[in-house]
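Biologist: I would like to learn how to read helix packing and a ligand site from a set of coordinates. Could we go through one example together, step by step?

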Amino acid sequence: MQSMTEKKQAFEAACAAAVKARNFAEAAKAASGAADCAEILASRTTGMVSEAYAKEARSWRDLAKKISAAPQGGGRQGGRPTCLTPPCGAAGADGGEWLVAEKPNITFDDIAGMEDAKRVIDEMVLYPMQSPEKARALGLNPGGGVLLFGPPGTGKTMLGKAIAGALDAPFYYASGADLRSKWYGESEQRLSQLLKAAKAQPVAVVFLDEIESLLPKRTEGSHAADNRVVTQFLADLGGFTDSPNLLLVLGATNKPWDIDEAVFRTGRFDEKVYIGPPDLAAREKILELNLKGAQTAADVDLPALAAAMENASGSDMAAVVSAAKRAALGRAIRMDADPILTAADFEDARRRIPLSITCEILAPYKDFMARRF
Ligand SMILES: Nc1ncnc2c1ncn2[C@@H]1O[C@H](COP(=O)(O)OP(=O)(O)O)[C@@H](O)[C@H]1O
Ligand SMILES: [Mg+2]
C-alpha cells in the first residue's frame, strides 16, 4: 500500500518526467495529482505541518495551471518570453533584475592558475560564442553548460565574473541562496523568468552561483518548493535545446553532490570542471596580485610564503595579505612612517587566519569526480 506521501512523490516524479519528455498534458495532470495529495495531507495534519501542505498544494495547483497554459514547445511564443507570473509588469518579471548591466572589471589575468578551467572556458564558451558561424561550420553547437565545482574560496564566482567581462554578450547572474531567500516560495517562477529573458536574447550567458541551493536533490524529506524549482528548471532547459538562440548556462557550486541528479541528465552540464586549491605557482601569483601597489620589506620572501601555504584557498591567501596590510598600516600610523609589510606581518596574519581547505574537505570532491567521470 502506498502512503499518501508516497503517492504525492510519485506524482511529483511523474510531473518531472513528463515535463522532460515535453508531454505537458501529462505533466499538468501529475501536478494536479500532487496538489490533490498535498490537500489530503493538509486535511490530515494540524498546525504548521498542515499549513505547509496547504501551501504546497496551492503551488502545485498553480504549476498545473501554468503548464496547461504554456504553449507546447517549452513555453515560448514566437521567440518572445512568456510571462507566467501575474502581475506581469512586476519588478523582475522580465528577468532584468539579474541582467548584469555593468560588466565586472575582473579579467582572466586577475585569476591565478586554473589553467584547465580557463582552457575549457575558452574552448566551450569564448571561441564558439565569439565566432558561432565557425563553430557551426565544424558541427559544434555553441553554448551549452559548464559546471564549476570545488571547495569554497577557490575563485569560481570570480571566474564567472571574468567570463562576463570577456564576452560581449548579456550576462545574467543569480545566486541560489539569494533567489531562495528573496523569493521564497516563488523561486521557480523567478528562475524561469530569468532563463526566458536570457533566451530572448540572440546570445546570452546565465551564471547560476551556488546552484546546489537552487537545484537540490529531490528526496522524500525535501521541501516541495525545492522540488518545483528543479522540475521547472528542467522544463525550461528542455524547451530551449532546439532553439536557434545561443544560451550558455554556467553553474558554480561547493557541493556538487547536493545537486539533483536529473540536472546532470539534461545534458546541459556536459562539461564539469573541478576548481581545486591553487598550486604553488598560482599561490605565488595570488600573493602578487593582492599585494599590487603595496611595499614589502626585504625580509618578505613571497615564493617561500607561497610554498608554506599549501592547501590555502585563494580567498585564504587574499585574507592573509589583507591582514598583513592592516598590521603594516597600523604601525605606519603609530610611527608616522610609510606602510611597509614585513615578514612578521605575514607570519602573524597566517597564525590568525586558519586555512579553510583540509584533506577531509577535498576527499568528497575526489569521490564525486570518480563517480561522475
Ligand atoms: N585563482 C585565484 N586567483 C586570484 N584570486 C583568487 C583565486 N581564487 C580565489 N581568489 C580570491 O578569493 C576570493 C573569493 O573567491 P570566490 O570566487 O568567491 O570563490 P568561490 O566562488 O570559489 O567560493 C576572490 O575574490 C579572490 O580575491
Ligand atoms: Mg562563490
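Modeller: Let us begin with the contacts along the chain: in this predicted model, residues 24 or more positions apart account for 78% of the contacts in the protein chain with a separation of 6 or more. The chain holds 16 helices and nine strands, and of its 373 residues 42% count as buried.

Biologist: How do helix H2 and helix H3 lie to each other, roughly parallel or roughly antiparallel?

Modeller: The general idea is to take the angle between the N-to-C directions of the two axes, where a value over 145 degrees counts as roughly antiparallel. The axes of H2 (residues 24-44) and H3 (residues 47-69) come within 8 Å and cross at roughly 165°, and therefore the two helices are roughly antiparallel to each other. Their crossing is left-handed, and the contact is made by residues including Ala31, Ala35 and Leu41 of H2 and Tyr53, Trp60 and Leu63 of H3. By residue class, the contact of H2 with H3 divides into 16 nonpolar, three polar and three charged.

Biologist: And at what angle do the axes of H14 and H15 cross?

Modeller: For H14 (residues 314-335) and H15 (residues 343-352), the axes come within 8 Å and cross at roughly 130°, so these helices are oblique to each other. H14 passes H15 in a right-handed crossing, and the contact is made by Val320, Ala323, Ala324, Ala327 and Ala328 of H14 with residues of H15, among them Phe346, Ala349 and Arg350. The residues of this contact of H14 with H15 divide into seven nonpolar, no polar and four charged.

Biologist: Which residues of helix H6 are buried, and what covers them?

Modeller: Burial is read by counting the C-beta atoms around a residue, with 20 or more others within 10 Å as the cut-off. In H6 (residues 156-166), the buried residues are Lys156, Leu159, Gly160, Lys161, Ala162, Ile163 and Ala164. What covers them includes helix H4 (115-130) together with strands E3 (144-149), E4 (171-175), E5 (203-209) and E6 (246-253).

Biologist: Which residues come nearest to ligand 1?

Modeller: Of the 19 residues around ligand 1, those that come nearest are Gly155, Lys156, Thr157, Gly314 and Ser315. Lys156 is also one of the buried residues of H6, and H6, helix H12 (280-291) and H14 each supply at least two residues of the shell.

Biologist: How many residues of the shell around ligand 1 are nonpolar, polar and charged?

Modeller: The shell around ligand 1 divides into 11 nonpolar, seven polar and one charged.

Terms used. Residues numbered from 1 in each chain as written. Chains lettered and ligands numbered in written order. Predicted model: local features only at pLDDT ≥ 70, side-chain atom pairs only at ≥ 80, totals over all residues. Helix = DSSP H or I, 4+ residues; strand = E, 2+ residues; numbered from the N terminus. Buried ≥ 20, exposed ≤ 12 C-beta atoms within 10 Å, placed from the backbone. Contact = placed C-beta atoms within 7 Å. Axes fitted to C-alpha atoms, helices over the stretch in contact; angles between N-to-C directions. Parallel < 35°, antiparallel > 145°, perpendicular 65-115°, else oblique. Left-handed = near helix turned anticlockwise from the far one by under 90°. Nonpolar A, V, L, I, M, F, W, Y, C, P; charged D, E, K, R; others polar. Near = placed C-beta within 6 Å.
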